[in-house]
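My notes follow the structure.

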Amino acid sequence: NEQDSRFFGKFSFMPILEPSNQQEAYDMVRYGFELSEKLAIPVLLRITTRLAHSRAGVSREEILTQNDVKLPENSTQFVLLPSIARKEYRDLLAKQEPLENEAKERGFNAYIDGADKSKGILCCGLAYNYLMENFEDRNCPHPILKVGQYPIPTDMVDKLYEECDELVIMEDGYPIIEELIKGFLNKGKPIHGRLDGTLPRDGELNPNLVAVALGMEDTVGEPIPPFVMGRPPKLCTGCSHNDAFTALNEALEVYGDGRVFSDIGCYTLSALKPLESINTCVDMGASITMAMGAADSGLIPAVAAIGDSTFTHSGMTGLLDAINNNSPITVLILDNATT
C-alpha cells in the first residue's frame, strides 16, 4: 500500500532515516542505533518498495558488542498518566533541536550544486537514484538537495529555493515535503511535484516519470518483450488453501457471494482468480469480528477465514467475543502445515 511512514515519524517527533541505496540502508541502521542511544529516542528507518526488492554489495563495518542490560534512569518514563505524559512531551520537544543538528552534521543530507539554476530538485531517498539514472555519468546540471535524514534541513531548502527559478520535489509516497515547502516557502516561485501533476499523485516513482517531470524524453525504459508473460499472484500449486476455498465456494454457491470475511495471510490471494472466494482483508484478527458484525446485521450465513498463525496472533479474542455473544457464524482456521 502507499502509507508513508514519514508521516508517522513527523507525527511522533521521531527522527527518520530514508536510504537512497543499499549501502546507505546498511549505514543508516548502524547510525540509527547510535542516534537512538545518544538521545534516548526511537529512530524510524523508511524503506520503499523498490529498495526492498533490490540488492547490491555493501561494505560492512566491525560488529558492535551487545549493550549491557539496564533499566531506564527515569523509572516512570513508560507510565503514561497525563501528568507524566505532559512532562515527557516537553522533553521530546527539547530533543528536536539536537535532532536537527544531527541531520545537518551526519551527511545523509547533501546539497549538490549545478550550473543550470532554472530548476532546483529536491530528492528524498531512492528518488535520488531515479534522478541520476537520467543523466550520463550521473551528472545532473541542476542543483540537487538530497534528503536522507529528517527533520529536513531547512537551511538547505532555503538555499535551493533562493538560487533556483522553480523547484521540483521528488518523493516516493505522500507529498509530505512538497506540502511543507509550499507552506513555509510560498513566496511566488513555482513548486512542482505530486500535488500539481508534474509527478503522478499515486504509485511508485521511476526513472521514466522523473524524466518526463524534468521535460526530458522518456528514453530510459525498455519496452517489455512480447514473449514475457504476465504472472499475477496466486496461491502456490499444491497449497491446501486451494482445496479449502474450492470447497467453501461449493458450499456457499446456493447462498450467493459476499459472505466470506478473510484475514491477512497468503490465503488472502484467494480473492483473485480462479478462486475469487473472499470479500474482505483489513487487519490481523478482523475476519472473525467482521463476520460477527455481518451476522448481527442479518447476513447469515457469514463465514470467517483465518490462518492458524494469524488466529494465534490476534484471532483468539475475536473468537472469544463470538462465543460470549453466541454469534451465528462459521469460523474456518486454515492450517497449511507451514507455520
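**Aromatic rings**

I began with Y89, which is partly exposed at 40% relative accessibility (buried means under 20% relative accessible area, exposed over 50%, partly exposed in between, with a 1.4 Å probe and protein chains only). The model is predicted, so I noted that local features need pLDDT of at least 70, that side-chain atom pairs count only at pLDDT 80 or more, and that totals for chains, interfaces and linings use all residues. Residues are numbered from 1 along each chain as its sequence is written, and side-chain values use heavy atoms, with hydrogens and water left out.

I searched the whole structure for aromatic pairs and got three. Rings of Phe, Tyr and Trp (its six-membered ring) pair if their centres lie within 6.5 Å; planes under 30 degrees apart are stacked, over 60 edge-to-face, and the rest tilted.

One of the pairs is F13 with Y89, edge-to-face, with 6.0 Å centre to centre and 70° between the planes. I placed F13 in the loop between α1 (5–11) and β1 (16–17) and Y89 in helix α4 (residues 82–94), 76 residues apart. Helices (H or I, at least four residues) and strands (E, at least two) are DSSP runs, numbered from the N terminus. F13 is partly exposed, at 29% relative accessible area.

I then checked Y31 and F108, whose ring centres are 5.7 Å apart with planes at 55°, so the pair is tilted. Y31 is in helix α2 (residues 22–39) and F108 in the loop between α5 (96–106) and β3 (110–112), 77 residues apart. Y31 is buried at 1%, and F108 is buried at 9%.

**Charges over rings**

I looked for NZ of Lys or CZ of Arg within 6 Å of a ring centre and within 35 degrees of the ring normal. K159 has its charged end over the ring of Y111, 4.3 Å from the centre. K146 lies over the face of Y128, 5.8 Å from the ring centre.

**Helix α5**

Which residues of α5 are buried? I listed Q96, L99, E102 and A103. Seen down the helix axis, they fall within an arc of 115°, so they line one face of α5; the arc is that of the directions from the helix axis to the C-beta atoms. An α-helix has 3.6 residues a turn, so residues three or four places apart point the same way. E97 and E105 are exposed on the other side of α5.

I found the buried residues of α5 packed against α2, α4 and β6 (149–150), where contact means heavy atoms within 4.5 Å. G107 follows α5 and has a positive phi, near 105°.
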